[in-house]
Amino acid sequence: MASSRSFPSIPSLVAVSREGARRATRAARLVLALWLLTLLTALPLALVLRGALVDHFGSSAIADEAVRGLNHTWWDEFEAGADAVGKTLTPSVIGFAAVLDNVSHVLDGEGPSSVIAGAIVVWMLVWTFLTGGIIERLARDRRMRSTEFFAACGGYVFRLVRLGIIAGVAYWLVFRVIHPALFDTLYGALTRDLAVERTAFFIRVALYIIFALLVLLLEMTFDVARVRLVIEERRSAIGAWLASLRFLRRHGLAILALDLLGAAALFVLFLLYALLGTRGAATGLWLVGAVLVSQAYVIARIWIKLQVMAAVVTYYQQALLGLDPEAAVVWPESPSAEDAPGLRARHQPTSEGARERTREQHPCAAGRERPRRNGQGRMGSWESGSSSR
Amino acid sequence: MVRRWTLVMTALCGVTLLADPAGLLHSLAATVTPAASATRSHPAAAGSQSRPARAPTSSAPQASSSQAPGPRTPSAPATTLPASTPAVPAAAALSPRNANYSIDADLDPSRHQLRGREVITWRNITRAPTREVRLHLYYNAWRNTRSTWLRERALVRPPLDVSRLGPDDWSGIDIVALRLLGAGSAPPIDLLPAARFIAPDDGNPDDRTLMAVALPTDVGPEGTINLAVEWLLRVPRTFARTGRIGDFYFLAQWFPKVAVLEDAGWVSHQFHASTEFYSDYGTYDVRLTVPTGWVVGATGLPQPAPAARDNAVTTRFVQDDVHDFAFVASPHLIEHNARFEHATLPAVDIRVLLQPEHAGQAERHVAATRATLKYYGEWFGAYPYSHITVVDPAWQSGAGGMEYPTLVTAGTEWLAPARVADPEGVTIHEVGHQFWYGLVGNNEFDHAWMDEGLNTYATGRALEAAYPPFHDSVRFFGDFVPWVFRHVLLSRETDANRMRRYRPDARSDVPATPSWQYHPATGRNLTYAKTALWLHTLERYLGWPMMQRVMSTFFARYRFKHPTPDDFFRVASEVSGQDLTWFFDQVHRSSNVFDYGIASLVSGPSTVSGSIDAAPGQANANAATAQAATTQAATPQAPRVVSQQREDGVYVSTVTVRRYGEALFPVDVVTTLEDGRKIRERWNGLERWISYTYRGPHRAVSADVDPDRVLVLDVNRTNNSFTLAPAGQRAANKWTLTWVIWLQDLMLTYGFFA
């Protein structure tokens with residue numbers, strides 16, 4: 001597969017995706033930790049909102065109505081006196097409407113308020129910091145001690161931040177240039193004299209698909225770049241991104257298929273959440289149940305993200321090793337993890353034979369040797385041209 | 001007489017005028033009867049009894065009959081009429097019919113133009129003569145950005161992005177000819193040189209929405225003139241609900257329309273961004289020519305057998321006793337017909353013109369129209385016309401939600417969930433305007449609240465009566481995809497009355513200010529929302545039966561007239577049997593807000609401190625709020641001095657009510673005791689605060705001011721209640737948890753990019 005441009009068979013991609021699911025499931029503690037991080041990131045603003053609500057309700061009996069559900073009598077009054085955080089408490093936060101609201105805002109290029117944007121930035125920085133450890137964890141497919149994990153996080157964070165800056169610039173262009181071109185200029189021109197809403201809707205859907213594909217393709221390049229940056233321990237973010245582009249030239253369809261499988265899983269999750277999510281009227285145990293369902297949704301969403309990442313990592317590892325997609329991959333410890341204090345000795349191969357096995361399994365691990373530097377061998381077969389580091 | 005006139009006008013204007021308008025105008029002039037001379041003496045001038053200026057007198061129908069619209073040709077032989085010309089039955093006049101229009105309009109969609117010719121037959125029904133006539137040319141409001149309308153519109157956020165308008169998107173109405181038709185064989189007098197644009201409101205020299213035309217002689221009371229006008233109209237992309245999108249044309253305010261003359265002079269304003277229109281009642285006889293295959297809906301009844309020629313069809317619409325005329329034309333409209341029938345109200349034919357993509361919503365439009373005719377008819381008075389047309393405007397047309405006599409535009413979406421109030425809400429509102437605007441024809445320039453506010457109030461009531469509560473909803477993905485909140489029900493008090501819009505702008509203007517002087521960005525929130533809120537408050541204060549009598553009396557008394565605010569206030573006081581001036585002072589002549597609240601509720605064991613005589617209950621207490629009591633050692637001699645001595649089994653509860661707003665209203669204060677008993681007090685609400693203290697065997701657990709929500713205008717309901725077992729923490733927890741999930745999802749959504 002690695003030496004061919006041919007699209008891998010569907011079963012093999014499903015197998016890779018399944019392997020991604022298996023790895024994500026084995027990283028359950030990581031999933032739960034990430035979920036906890038979403039809660040912690042949201043916590044400061046949540047406390048602000050809660051304080052504002054408590055102040056607003058005071059000793060009013062209208063709080064009883066608010067416990068039972070939302071009506072515009074109390075909500076409008078709260079909103080009228082609310083600060084930036086409080087004004088985000090709209091009916092759209094209820095249940096599945098929250099999902100639609102968020103996706104809709106992103107697709108329509110409507111950014112959040114500055115306060116909420118702050119939380120998002122914090123979350124993205126946290127995620128960027130953790131990405132190295134996450135990829136390590138998924139690549140190794142074994143439990144890591146927290147010191148190992150954070151060593152990997154720390155080892156890659158600055159490279160990933162640099163890659164994040166590149167991604168930020170790219171997305172800035174996408175949302176500031178391409179999005180207006182599609183949804184203001186082009187959509188405006190196509191619908192300027194249109195008098196049929198249904199036609200306009202389908203035009204907009206088509207533009208959403210184009211835009212989503214564009215974003216997906218762009219994100220694929222950064223996803224693979226992150227994987228390569230970590231697995232190959234690249235130091236150059238630009239180099240990793242260019243290498244990603246070269247990889248995607250041969251394997252783009254496969255990665256896209258893996259992403260689309262993940263998107264399908266996300267879609268199914270959305271449907272389930274739409275059916276089970278809270279409607280805003282729950283109280284007592286129903287409220288507890290609704291919150292649990294919602295948090296289960298958040299956990300599942302994190303799991304799907306890790307599943308897609310794991311599938312890409314798996315695919316990349318198999319491509320790197322020239323293995324069949326359904327073959328099991330045994331991945332060595334990463335240099336970053338090995339650099340962690342106290343770990344080097346523990347993970348040092350105990351014999352020369354073991355070292356040799358490691359070299360066979362992982363071309364990159366052999367004395368920090370990078371296959372693409374010699375321009376030959378397996379890497380050269382699927383990666384054309386030179387790369388910079 | 002009316003019948004003959006309409007027949008002649010059809011023969012002349014409908015056929016010949018189209019071919020040679022200038023020549024025919026001359027012919028028209030030659031046929032004017034002497035009765036249509038420019039001046040005529042008024043009975044009042046001869047010492048006869050005076051009458052209310054705007055009210056049709058008992059002689060009005062007769063006058064109307066003898067002065068039917070347009071130039072009359074008593075000598076015109078019936079044999080000159082086309083055989084297909086339909087006969088229009090004469091109807092007894094319901095209104096003064098002093099502004100009558102005979103119009104020929106030829107719509108040319110390829111050029112976005114309309115050529116029009118009209119003869120305005122205008123009768124002076126005031127007590128004073130006039131030597132000029134004023135014409136509204138509303139389409140000049142969008143001629144360029146210097147117009148008053150667009151200058152004012154620039155104050156509204158978001159601003160209108162005129163940079164996106166192309167050369168064909170602007171409008172304009174140019175008068176090509178303006179003549180006073182003479183009596184008998186007298187030649188017409190060209191009035192165009194004597195016409196000038198005026199800007200009485202703001203002096204804007206670039207505004208061309210109002211034209212003053214000097215007349216050669218006075219038009220005395222009851223005098224009649226005939227003005228022949230030709231104009232060219234450029235139809236814009238829609239402004240103010242009139243214009244075009246694609247091949248959907250909705251034309252309103254599209255013809256030169258005579259302003260209203262009152263005893264004090266012309267009530268004529270430029271076209272402002274925040275107000276609408278004002279005109280006299282009359283008969284409209286309009287022949288609309290549109291391309292073959294186009295569907296036309298208009299004010300009035302279409303006459304049978306449209307005339308076809310050169311890929312165009314001319315349809316004639318006739319309507320008596322209305323004060324405006326609008327029409328829609330498009331090749332894509334589909335028609336749905338229904339009928340309203342009622343045991344005590346006259347039947348009405350309902351014609352719904354729908355966009356094909358909304359064909360499945362026809363019954364929803366019909367049901368809402370029926371509900372309006374039923375409830376408004378039962379509550380206020382019957383709808384007198386035999387028909388009504390509801391237009392579902394094209395997407396992006398900007399024509400939705402507007403009222404014209406016997407024709408309204410509703411508005412809906414392609415995806416319109418059943419339990420969301422579109423199209424029901426807008427349909428009821430616009431059809432309801434047939435009553436408040438169409439039949440009771442207030443001056444919308446100065447008193448827009450009298451139609452919009454009364455109708456918003458009535459809309460909320462009709463929605464509540466006709467439907468179960470609607471659900472709140474939002475639209476995502478470019479406003480295309482609806483999402484219904486099945487557990488968020490909309491209420492009449494808050495949602496239908498638009499409290500959300502009123503609250504932030506409550507102090508922006510005094511409602512008694514002429515509407516055109518409201519700030520353009522906030523005026524409508526007073527016009528619609530505040531009026532609906534205070535009418536609902538009045539309903540709850542007087543009770544619905546009394547309120548219904550007030551409204552129906554006002555309706556009956558001012559049908560086909562131009563009432564003023566004082567007329568309404570007078571009727572309300574008269575019918576209710578109480579002087580409500582204090583109320584109207586609050587809600588109409590002030591921008592003060594209403595806000596009553598419970599400042600505190602303290603309830604605990606009765607304690608006493610201080611010097612106490614021997615006899616029980618003679619305490620000279622100075623504190624009664626402490627929870628823990630300590631008793632000093634009793635001394636055998638009286639009086640004894642105690643500190644916070646508890647009286648067993650006796651509780652003291654104190655409720656303090658505050659008036660936080662400036663506006664005044666009597667309110668009830670209800671204190672609930674722990675045994676469920678309620679103590680109700682009536683506070684006149686005049687002072688800044690009042691305190692009620694109760695002693696008894698039970699604690700108070702909660703207090704409410706205005707618990708029945710009579711004062712719907714109260715801008716803060718949250719502070720209206722106070723409980724000693726507040727659920728604020730639980731409510732805050734619930735909504736914080738709900739919100740956190742939204743934020744987590746938002747972070748994960750953006751996490752896609754990380």
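Contact here means heavy atoms within 4.5 Å, and the legends below use the word in that sense for views of a predicted model.

**View 1. The end of helix H14 in chain B, seen around B:Gly751.** B:Gly751 belongs to helix H14 of chain B, and, once its neighbours within four places in sequence are left aside, its contacts are with A:Trp123 and A:Lys305. The relative accessibility of B:Gly751 is 4%, so this glycine counts as buried. Along the chain, B:Gly751 is 648 residues from B:Ile103, and the C-alpha atoms of these two residues are separated by 64 Å.

**View 2. Packing of helix H5 of chain A with helix H14 of chain B.** The crossing of H5(A) and H14(B) is right-handed. From H5(A), the residues A:Ala98, A:Val99, A:Asp101, A:Asn102 and A:Val106 take part, and they meet B:Trp742, B:Asp745, B:Leu746, B:Thr749 and B:Tyr750 of H14(B). By residue class, this contact of H5(A) with H14(B) comprises six nonpolar, two polar and two charged residues.

View 3. From its first C-alpha to its last, H5(A) reaches 17 Å with twelve residues, which is close to the 16 Å expected at 1.5 Å a residue. Just after the helix, A:Gly109 adopts a positive phi of about 70 degrees. As context for this view, chain A has 15 helices and zero strands, and buried residues account for 52% of its 389 residues. Of the contacts in chain A between residues at least 6 apart in sequence, 75% join residues that are at least 24 apart.

**View 4. An open antiparallel sheet of four strands in chain B.** The strands of this sheet follow the order S9-S10-S19-S15, with antiparallel pairing. Strand S9 (243-245) and strand S15 (295-298) stand at the edges, and each has a single partner strand, so one side of each is left without a neighbour in the sheet. From one strand to the next, the twist averages 10 degrees. S15(B) pairs with strand S19, residues 327-330 of chain B, in the antiparallel sense over four bridges, and B:Val296 is found opposite B:Ala329 of S19(B).

**View 5. B:Thr671 in strand S29 of chain B.** Strand S29, residues 667-673 of chain B, holds B:Thr671, a residue that counts as buried because its relative accessibility is 0%. Apart from neighbours within four places in sequence, B:Thr671 is in contact with B:Val655, B:Arg677, B:Lys678, B:Ile679, B:Tyr694, B:Ala700, B:Ser702 and B:Ala703.

**View 6. Helix H7 of chain B.** Helix H7, residues 449-466 of chain B, has 18 residues and reaches 24 Å from its first C-alpha to its last, close to the 26 Å expected at 1.5 Å a residue. H7(B) is mostly covered, with 15 of its 18 residues buried.

Terms used. Residues are numbered from 1 along each chain as its sequence is written. Chains are lettered from A and ligands numbered from 1 in the order in which they are written. This is a predicted model: local features need pLDDT of at least 70, side-chain atom pairs count only at pLDDT 80 or more; totals for chains, interfaces and linings use all residues. Side-chain values use heavy atoms; hydrogens and water are left out. Axes are lines fitted to C-alpha atoms, for helices over the stretch in contact, and angles run from 0 to 180 degrees between N-to-C directions. Helices (H or I, at least four residues) and strands (E, at least two) are DSSP runs, numbered from the N terminus. A crossing is left-handed if the near helix is turned anticlockwise from the far one by less than a right angle, and right-handed if clockwise. Ala, Val, Leu, Ile, Met, Phe, Trp, Tyr, Cys and Pro count as nonpolar, Asp, Glu, Lys and Arg as charged, and the others, Gly among them, as polar. The expected span of a helix is 1.5 Å times one less than its number of residues. Buried means under 20% relative accessible area, exposed over 50%, partly exposed in between (1.4 Å probe, protein chains only). Two strands pair if DSSP finds at least two bridges between them.
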